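Thanks, everyone. Have a look at the model on the screen, and I'll walk you through some of its elements.

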Amino acid sequence: MSESLLSVRNLTRHFDISGGLLDQIRFSGGRFHRQKTLVRAVNNISFDILPGETFSVVGESGCGKSTLGRTIMGLYAPNAGEIHYRGDRIDNLDPRSLLPYRRKMQMVFQDPYASLNPRKTIRQTLEAPLRYHNPKLSNGEVQDRIEEVMLQVGSDPQWISRLPHEFSGGQRQRISIARALIVDPEFIVADEPISALDVSIQAQILNLMMDLQQQRGLAYLFVAHDLSVVEHISDRVGVMYLGTMCELAETAALFENPRHPYTRALMSAIPRLGGGPGGHVRLRGEVPTPINLPSGCVFHGRCPHANDRCRVEIPGLRRLDDGRQVACHGVEEGRI
Amino acid sequence: MAKLLEVRDLVIRFGLRTGEVTATSGVSFSLDRGERLGLVGESGAGKSVTGFSIINLISKPGYIASGEVNFNGENLARVSPERMRQIRGNRISMIFQDPMMTLNPVLTIGTQMTEVLHRHRPELSREQARDIALDKLRKVHIPSPEKRLEQYPHEFSGGMRQRIIIAIALLTDPELIIADEPTTALDVTIQAEIMDLLMELCEKDGMGLILITHDLAVVSQVTQNIAVMYAGRIVEKGPTSRVIAQPQHPYTRGLIAALPQSSRHGERLNQIPGMMPTLKDMPPGCAFNPRCPHVMEICHRQIPALRPGSNGNMAACHLYPEENAHE
Amino acid sequence: MSRLQTFRDSYLWYSFRRDKVAIASLVVLVLLVLMAVFAPLIAPYNPYDPEMIDIMNSEIPPAWEDGGTTAFLLGTDSQGRDMLSTMIYGMRISILIGIGAVALQAVLGVLIGLFAGYHGGRLDAFFMRAADVQLSFSYLMVAIFLSAILQAVVGVARFGEIAIPFLILVIGFSQWPQYARTVRASVLAERRKEYVEAARVAGFPSHRIILGQIFPNTLSPILVLSTIQVANAVMSEAALSFLGLGMPIDRPSLGSLINSGFEFIFSGAWWITVLPGVLLVILVLSINLLGDFLRDVFNPKLYKG
């Protein structure tokens with residue numbers, strides 16, 4: 001495991017949404033007591049990302065995939081678990097010791113309209129992180145780096161004195177990518193980077209991301225809900241449901257032969273161009289809230305194969321013979 | 001038998017502070033009873049405004065400058081607001097992307113459903129209205145509808161809310177449903193269920209459906225015919241399977257090629273360079289000419305009319321000879 | 001050049017050109033402020049110069065009334081000072097105190113709002129409760145209390161000298177919660193935006209994110225609030241001075257002028273009270289109308305009076 005770029009071990013992130021002290025007080029059983037309301041967004045997740053690969057995390061809204069990406073980037077502190085970058089533990093560092101890793105790990109966001117500061121010119125947006133991490137650079141060198149990055153993301157360096165509102169969504173997303181690239185990272189968390197864009201622009205940004213990966217040897221953690229995009233660009237994919245990783249496999253293996261019942265339902269629902277309607281696996285019930293997680297396997301309430309064991313015991317990710325990992329008692333027992 | 005809906009040469013303009021802009025021009029399409037039509041395009045292509053114009057719901061600075069919207073032979077672009085109210089929400093229903101736009105958060109589902117019914121059919125008693133509401137909720141597969149009638153919108157999940165919107169749209173047994181990005185805010189598993197539901201309803205009750213969306217894959221599964229819009233005009237229309245398999249217009253070709261396909265894992269996607277022009281800076285001639293790989297001299301001068309392409313699809317492109325340009 | 005062009009294309013300029021009330025208010029306000037700034041050049045007399053005051057000229061009515069003279073266009077007050085000059089100088093003091101107090105409020109309130117909003121938690125709870133407490137009793141009460149003590153301690157004569165900074169402090173400190181709340185509300189909205197997360201991913205320290213990234217995006221509500229607060233501060237000053245707790249009569253503000261004329265209003269010398277009163281109304285009204293215009297142009301949701 002030492003060759004992995006990033007390794008995440010038993011990562012857990014909960015959000016306390018119980019509000020102030022007064023909101024926490026409950027009355028039950030004849031007396032008052034304090035009760036916290038926790039959203040269990042990410043539970044006990046482990047995986048590795050290799051240098052230069054694209055690892056995608058997919059799942060439906062509310063499954064915790066964005067929280068996972070943000071926790072890895074240190075935007076949220078994990079409640080439990082560890083994050084290692086090239087073997088160094090980084091989840092417990094103070095902001096100052098984290099700085100060298102900030103250069104190596106960058107992030108691209110979903111909403112191109114919110115991710116650029118509307119009051120900052122493109123030059124200011126690109127210059128600030130560059131100078132902050134490289135205080136010794138001369139003005140000329142800064143200018144060169146900005147121009148180089150702008151060209152690399154396919155934007156005109158002449159635009160740098162403009163404000164974000166003068167650009168289209170696709171152009172803004174290029175600038176967001178430029179901002180991530182300017183400190184010369186080797187790992188980028190891309191949180192739904194194309195879902196706010198039009199189809200013809202999506203292809204441009206995806207191509208750009210693939211080109212940059214080849215040129216710079218970048219590794220991506222690609223967080224997305226669009227399965228056909230994920231299938232296209234990923235080396236490996238992890239499927240999340242209710243804060244838990246339920247299946248993790250090489251892309252082709254996962255899409256051709258999903259094993260986890262949830263992955264199967266998800267894959268069957270992908271709209272395929274020219275494919276006939278229907279034929280997808282119908283799930284009963286609805287996604288439970290991450291506030292009251294089901295006992296046992298989080299999927300048991302909707303799973304057609306659930307039995308008593310599933311209702312009690314939480315399945316762990318288990319490696320199968322073909323290398324994929326599945327968290328399912330049914331698969332382990334050979335029932336599915 | 002006459003067409004259910006026939007839109008002819010629809011021109012929609014917006015009076016903005018910087019001057020008038022044309023949102024759509026020369027939009028024509030028709031719909032038979034029970035037909036499902038997909039109106040596809042990227043944001044700003046004019047597909048939503050076309051949908052809204054059918055029921056005369058374009059918001060303020062916009063207006064129908066010319067053209068006809070014939071619904072059962074009646075030109076809706078010219079009818080009185082009163083007559084429009086009788087048709088809208090009654091003979092034609094609309095489903096929006098965000099269910100909360102349609103649902104009132106402080107009223108129960110039951111109250112909202114019976115209110116809609118009473119507006120269009122005042123003769124119904126409370127019990128009759130309730131029975132119809134229950135029937136429609138069952139139709140959209142909502143479990144234990146009696147209990148659900150008493151609940152408020154926030155007590156439903158996103159997918160359930162969209163089902164309720166569909167149930168409300170069905171209340172008056174409309175002949176046509178216009179669905180504007182009905183599943184864009186939903187997850188894929190729920191999207192698949194909603195699309196199944198819409199298809200089932202159309203097939204069972206012979207309703208017409210206009211599905212407005214940016215998602216070619218969804219349209220290709222649900223509709224029989226497709227009209228592709230670009231920069232306010234229909235650039236290609238034809239039977240869904242043919243448009244998807246043999247697109248004629250370079251824009252449609254580019255759009256389909258830009259979709260990731262499992263067979264070409266990791267390869268560069270086919271991208272259309274540039275972006276769609278905004279309404280204010282339309283290029284002269286064909287609006288697609290700055291991005292088109294086959295651009296010719298005539299494309300800069302003349303806006304191409306819809307004409308049959310090599311396989312019978314209608315395409316608005318100078319690649320196809322003018323002689324064919326009679327419908 | 002391009003900045004000017006950006007402004008000319010902006011929605012602000014577009015709506016301003018079509019709003020006659022806003023144009024008129026701005027013209028009036030600019031004229032009044034210019035008069036106040038260049039008071040020594042514009043005013044025909046210097047009301048602070050005892051040499052120029054003759055008690056024999058007291059209570060001369062305005063020029064258009066019987067007994068008026070063109071030497072004193074708007075008449076004179078009970079001490080024989082030219083009303084026009086005294087009003088111009090008085091407005092100067094009113095505007096000075098108004099702007100000074102708002103500057104103090106703004107600095108305090110904006111800083112508290114920014115940091116409390118960004119960090120949240122105990123810091124936020126402490127300052128917001130403090131703001132609640134502050135707003136739950138009238139600033140007039142505090143001002144009356146403090147100025148009574150101050151006048152007793154330093155004496156009425158000395159109080160006149162420190163009246164301007166005192167009024168700025170009292171009005172400034174009493175109104176910071178307005179700013180803190182407004183700014184905090186927009187910080188809470190901005191904090192969630194992805195550009196703030198991007199700045200955190202870049203590793204910037206929090207004070208740099210707050211001042212460099214978030215602060216510029218809270219400027220429009222601050223601007224809207226500031227116009228309204230300047231008008232409020234001018235009125236507060238006038239109220240305190242009217243009650244005899246503000247500017248002394250030898251360096252009158254508009255408020256103390258109104259007060260000083262009040263005892264003569266029934267003896268027929270109405271102009272000593274009414275004219276400064278009219279000027280005060282015009283000043284406050286023009287600021288408020290501009291504030292309304294700005295609030296409509298920027299987000300109307302951000303500040304609800």
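A contact here means two residues whose C-beta atoms, placed from the backbone, lie within 7 Å. Helices are DSSP runs of H or I with at least four residues, strands are runs of E with at least two, and both are numbered from the N terminus. A word on provenance: this is a predicted model, where local features need pLDDT of at least 70, side-chain atom pairs count only at pLDDT 80 or more, and totals for chains, interfaces and linings use all residues. Residues are numbered from 1 along each chain as its sequence is written, while chains are lettered from A and ligands numbered from 1 in the order in which they are written.

Start with chain C. Which residues of helix 8 of chain C are buried? By buried I mean 20 or more other C-beta atoms within 10 Å of the residue's own; exposed means 12 or fewer, partly exposed is in between, and the C-beta atoms are again placed from the backbone. The buried ones are C:E194, C:Y195, C:V196, C:E197, C:A198, C:A199, C:R200 and C:V201. That is eight of the eight residues in helix 8 of chain C, residues 194–201, so the helix is largely enclosed by the rest of the structure.

What covers them? From chain A, the cover includes helix 3 (95–104), strand 8 (105–108) and helix 6 (169–181). From chain C, it includes helix 7 (139–191) and helix 9 (206–214). After helix 8 of chain C comes C:G203, with a positive phi near 95 degrees.

Now follow strand 8 into chain A. An open sheet of eight strands in chain A has the order 8-9-10-5-11-12-14-13, with mixed pairing. To count as a pair, two strands need at least two DSSP bridges between them. Strand 8 and strand 13 (318–319) of chain A are at the edges with a single partner each, so one side of each has no neighbour in the sheet.

The partner of strand 8 of chain A is strand 9 of chain A, residues 187–191: they run parallel, joined by four bridges. A:Q106 has A:I188 as its bridge partner, and A:V108 has A:A190. Helix 6 of chain A lies across both strands, at about 170 degrees to strand 8 of chain A. Axes here are lines fitted to C-alpha atoms, for helices over the stretch in contact, and angles run from 0 to 180 degrees between N-to-C directions.

Is strand 9 of chain A buried or exposed? Five of its five residues are buried, so it is largely enclosed by the rest of the structure. A:F187, A:V189 and A:D191 are on one side, A:I188 and A:A190 on the other, and both faces are covered.

Strand 9 of chain A also pairs with strand 10 of chain A, residues 219–224, in the parallel sense over five bridges. A:F187 is bridged to A:A219 there. The chain goes from strand 9 through helix 7 to strand 10 of chain A, a right-handed β-α-β crossover. Right-handed means that, with the strands pointing away from the viewer, the path from the first strand over the helix to the second runs clockwise.

Helix 7 of chain A takes us to the chain B contact. There, 38 residues of chain A are in contact with 38 residues of chain B. On the chain A side, helix 7 (199–216), helix 8 (227–233), helix 9 (251–256) and helix 10 (261–268) give two or more residues. Helix 7 of chain A gives the most, with eight residues.

Across in chain B, look at helix 11, residues 250–258. Seven of its nine residues are buried, so helix 11 of chain B is largely enclosed by the rest of the structure. Among them are B:Y251, B:L255 and B:I256. The buried residues pack against helix 7 of chain A, and against helix 9 (216–222), strand 9, strand 10 and helix 10 (240–245) of chain B.

Strand 9 and strand 10 of chain B, residues 225–230 and 233–239, pair antiparallel over six bridges. B:I226 stands opposite B:G238. Chain B has an open sheet of eight strands, in the order 6-7-8-3-9-10-12-11, with mixed pairing. Its edge strands are strand 6 (92–95) and strand 11 (307–308) of chain B, each pairing on one side only.

Last, chain B as a whole. It holds eleven helices and twelve strands. Buried residues make up 46% of its 327 residues. Thanks, that's my tour.
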